[in-house]
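Here are my notes on this two-chain model. Please read them with the structure open beside you.

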Amino acid sequence: MPPDNVAPQQPAKAVRLIFEYEGETVRLISQQAVEMVIPDSDTAVSSQAAHFVDMRDAANKTLARVMVRGAFATSAEVFPERSGDPITRVDIAVPKGAFTTVVPVADNADHITLVKVAPGAEAVAGPEGLRRAPLVTTDMASFPLSGRGQPADGGVR
Amino acid sequence: MSTSDGSVLGNTQIFGSAPRSRAFNVVMLAEGFTSTQQNDFNNACSAFVTAFTATPPYDRLKPAINIFRVNVTSTDSGADDPASAGGTGASVRTYFDSTFGTSGIRRLLTCNNTTALQVAAAQIPEFTVVIVVVNSTIYGGSGGSVGTYSLAGGATEIAIHEMGHTAYGLADEYPYWAGGNETGHDHHPAGEPTEPNVTTNTNRATLKWNWAVAATTAIPTMSNPDCTTVDNRPSPVPTGTVGLFEGAHYYHCGGYRPEFDCKMRNLGVPFCHVCRQVIWNRISPLATLPARNRTPINVVARFPEHLDVFAVASNGRTMSDWWDASSGWAGWFQVSGGIASPGGTGSPVTAIARYAGHLDLFTVGTDNRVYSAWWDQATGWSGWFTIGTLVCRSGSTVNVVSRYTDHLDIFTTASDGKVMSTWWDARSGWGSWFQISGGVAAAGATVTAIARYPFHLDVFTIGTDNRAYSCWWDERSGWSSWFAVGNQSCRPDSTVSVVARFADQLDLFTTAPDGKIMSTWWNARSGWGSWFQVSGGVASPGSPVTAIARYSNHLDLFVIGTDNRVYSTWWHDTTGWASWFNVSGGVGKPGGQVAAISRITEHIDLFTVGSDGLVYSTWWDASGGWAGWFQLGVT
């Protein structure tokens, strides 16, 4: 019982995006309107090293940000056939594949931007005494919201 | 070796009944199954459902999980198996172009992720995760945005592990990169990993899973004495102990995991406590119920350690959740596909337990006819069926009384306001609908009834002159005429709630046109009392007053107040009426209802639709007082 309203997880207007990538080159290959709950764990992201998809307005202000999972990996897991043997990893020379995200769509949404947040220089002490590397945010590619397949700026950084 | 090598046949939901827009939707795609092998895919999906839904915590989150299979034919069977990676050299034409031997490793089984995601989106736009099932008995699989696994024994574990990455951002907890003999993985790099299940932090106070660590557990719990290799010693603490175990996130030292073992470390073992909680936090909010704001909730205790709750979802679905003292709340499910009438406050689902192993349900359907369904512990849920051909007011309530185990009396209002009743008896089945003594109810009024004896009924409603009316049925004399209960004006759409604290006493509660909460009583010796306002209380317009009697000399009332807060008061014969008070800070919907039940005398359970439209519950216990409100879903 919320004494004062807490935002409930209710289905919302959103768009499912499917991207293809090879290395740092990204193509948006489909946009699909969908109405569904987008979990807080996907949208309430703290500052961390990851890829994100932003929904932005015409002034490039971020309206919603969703974390990308399962993409741009530089290694793959290899699973053991025999129980008890270790799971191992193998390097991938050039990350290649596809991923999907579902991003809330506000009335003033204009375009989609793929964002990379990565550690920058040497780690420094954080507020809890933990060592944290400063993060650098880079816009990788932007795509018009209603367009299909063609990135607004070539889609390459 | 592309989509020209097969076709998408369509999808079938093979597990769950949650609304797709509020669910964890798993989509399984067939790869390398020819048109004549689709049944093999179906069987593989069934096996996955069994394994997945038995895996904690998914076993407790089933009400929020849907699983779909998408049947896709391929020209050929299986997957490519390049000889360069030690395979057979097979090259086959399949829809998703799957192949073993990715990156030169035979067990690394991948497919065209773009095609997989596009097919899943076209079939189930609301999907959460996609799993491609490859028709091969060669062991293999992979993760990423699409999980892939073959039909080899144990490969379903790959999909469940990979889902941990894709859906929840869980880290790998194994302490090596290539099995333990690699170089460059002795010490975890500086910096705290962002994933919730690995850390470099050894400070108990700031440890991100310190909520799960017992004060008696040492931190670190297990340290690696030789960082040049993996620590292969057994756990120093019992299985399931949450602490800080060195060796995680691909490094022998400096990276820590929450438990000795976890499915994110080894296949074939359970998820650790921290990973289970992460999964729970992601899915359980989907298991709450957005309900029609003003439709009453019904609750039945078939026995003291069990509750069955019935509510109507915001889209009209007839929903139920149950609680058992041994297992907690099971989660909402739709009862037999029912949809309730949306008029007025919306038709509720009313329920009665004639005996501990049986429930009878009633509602008004979207065609405004009266429907019933039952649950029996021997046979489960029946389908909904109509009771006669009566057409009700849209959104009207069907109230039910069981005078004895083999008999039901039900009451509602016809489309023209006539007060109608019928009965069911185990010997004769359903009777015909009849109008009770020519009675006509005000628009929106409900008909309430109570059986003080097995041979007697008292019925109440608001008449077209907005006064409370009653009549009775007695086995010896039949139906009486209607009579006005005093001269109290009522809201036309109000409910007359009635409680019999003992067989010769009735206490009535309703609301005046200005919302005042009014009561009167009848006693076999003294007759009817006068109407009076209960402790100055005023209800939110349209909110009914709920009353329960825990003792013959005690009453508890519940209502939504004019500020939309949940209020309660009580009456005790020695102290009279208490003042109204807000229950645990709760806020409901304007005109909403509070359902109450006392399954044991020193305990009350409450249910209402909260200000955010979700169903909430709280309880009162004589030893601990009122608990906080919680969203009703799964526990």
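**Notes on the model**

1. The contact between the chains takes 52 residues from chain A and 56 residues from chain B. Two residues are in contact if their C-beta atoms, placed from the backbone, lie within 7 Å. On the side of chain A that touches chain B, strand 1, strand 2, strand 5 (75-78), strand 6 (88-91), strand 7 and strand 10 (131-132) each supply at least two residues. Strand 2 of chain A gives the most, with six residues. By type, that side of chain A divides into 29 nonpolar, 13 polar and 10 charged residues. Here Ala, Val, Leu, Ile, Met, Phe, Trp, Tyr, Cys and Pro count as nonpolar, Asp, Glu, Lys and Arg as charged, and the others, Gly among them, as polar.

2. A word on the source. This is a predicted model: local features need pLDDT of at least 70, side-chain atom pairs count only at pLDDT 80 or more, and totals for chains, interfaces and linings use all residues. Residues are numbered from 1 along each chain as its sequence is written, while chains are lettered from A and ligands numbered from 1 in the order in which they are written.

3. Chain A has an open sheet of three strands, in the order 2-1-7, with antiparallel pairing. Strand 2 (25-36) and strand 7 (96-104) of chain A stand at the edges, each with a single partner strand, so one side of each has no neighbour in the sheet. The twist averages 20 degrees from one strand to the next. Two strands pair if DSSP finds at least two bridges between them. Strands (E, at least two residues) and helices (H or I, at least four) are DSSP runs, numbered from the N terminus.

4. Look at one pair in that sheet. Strand 1 (residues 12-22) and strand 7 of chain A pair in the antiparallel sense over nine bridges. A:Val15 stands opposite A:Val103 in strand 7 of chain A.

5. Now chain B. It has four helices and 43 strands. Its C-alpha atoms fill a box of roughly 95 × 60 × 40 Å, taken along the principal axes. Of the 635 residues of chain B, 53% count as buried.

6. Why is helix 2 (residues 113-123) of chain B largely enclosed by the rest of the structure? Nine of its 11 residues are buried. Among them are B:Leu117, B:Val119 and B:Gln123.

7. Helix 1 (residues 38-53) and helix 3 (residues 156-168) of chain B have axes that come within 10 Å and cross at roughly 50 degrees. Axes are lines fitted to C-alpha atoms, for helices over the stretch in contact, and angles run from 0 to 180 degrees between N-to-C directions. B:Ala47, B:Phe48, B:Ala51 and B:Phe52 in helix 1 of chain B meet B:Thr156, B:Ala159 and B:Ile160 in helix 3 of chain B. The residues of this contact divide into six nonpolar, one polar and no charged.

8. Helix 3 of chain B also meets helix 4 (residues 273-283) of chain B: their axes come within 11 Å and cross at roughly 50 degrees. B:Gly164, B:Ala167 and B:Tyr168 in helix 3 of chain B meet B:Cys275, B:Val278, B:Ile279 and B:Arg282 in helix 4 of chain B. That contact divides into five nonpolar residues, one polar and one charged.

Methods: A residue is buried if 20 or more other C-beta atoms lie within 10 Å of its own, exposed if 12 or fewer, and partly exposed in between; C-beta atoms are placed from the backbone.
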